[in-house]
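Keep the structure open beside you as you read.

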Amino acid sequence: MLARLGRKDEAIREAKRGLELFPISKDAMIGPTRVMDLAEVYAATGEIDAALDQLETIAAVPTARR
């Protein structure tokens, strides 16, 4: 919501904080979601390269295949 309200710095800060609280290295379930949240915030605020960097992070995470 902060990004959509034009509060770019605040939105990025909060999304980064969410990722700090639940990093992939410590939470394999929630961590990737927080990375996606950060990517979405970056995209919504026009930070496309930063958003792509986060998507590359997600793409590198191994998944269990059945």
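Helices α1 and α2 (31–44) each contribute at least two residues to the lining of the largest pocket. Helices here are DSSP runs of H or I with at least four residues, and strands are runs of E with at least two, numbered from the N terminus. A pocket is an open set of points on a 1 Å grid over the protein atoms alone, with protein on both sides within 12 Å along at least five of seven lines, and its lining residues have an atom within 4 Å of a point. The model is predicted, so local features need pLDDT of at least 70 and side-chain atom pairs count only at pLDDT 80 or more, while totals for chains, interfaces and linings use all residues. Residues are numbered from 1 along each chain as its sequence is written, and side-chain values use heavy atoms, leaving out hydrogens and water.

The space in this largest pocket comes to about 150 Å³. Its lining includes Met-1, Leu-2, Glu-14, Glu-40 and Val-41.

Now step back to the whole chain. The protein has three helices and zero strands, and its C-alpha trace spans about 40 × 20 × 15 Å along the principal axes. Of its 66 residues, 27% are buried, where buried means under 20% relative accessible area, exposed over 50%, and partly exposed in between (1.4 Å probe, protein chains only).

Next come the charged contacts. The whole structure holds four salt bridges, each a side-chain nitrogen of Lys or Arg within 4 Å of a carboxyl oxygen of Asp or Glu. One of them joins Glu-47 to Lys-8, at 2.5 Å from N to O. This pair ties together distant parts of the chain, since Glu-47 sits in the loop between α2 and α3 (48–59) and Lys-8 in helix α1, 39 residues apart. Glu-47 is partly exposed at 31% relative accessibility, and Lys-8 is partly exposed at 31% as well.

Because Asp-37 and Arg-34 are three residues apart in helix α2, about one helical turn separates them. Glu-10 also pairs with Arg-7, with their closest N and O atoms 2.8 Å apart.

Terms used: On a 1 Å grid over the protein atoms alone, a cavity is a set of points where a 1.4 Å probe fits but cannot get out, and a pocket is an open set with protein on both sides within 12 Å along at least five of seven lines; lining residues have an atom within 4 Å of a point. Grid points are joined across faces, edges and corners, and a volume is the space filled by probe spheres set on the points.
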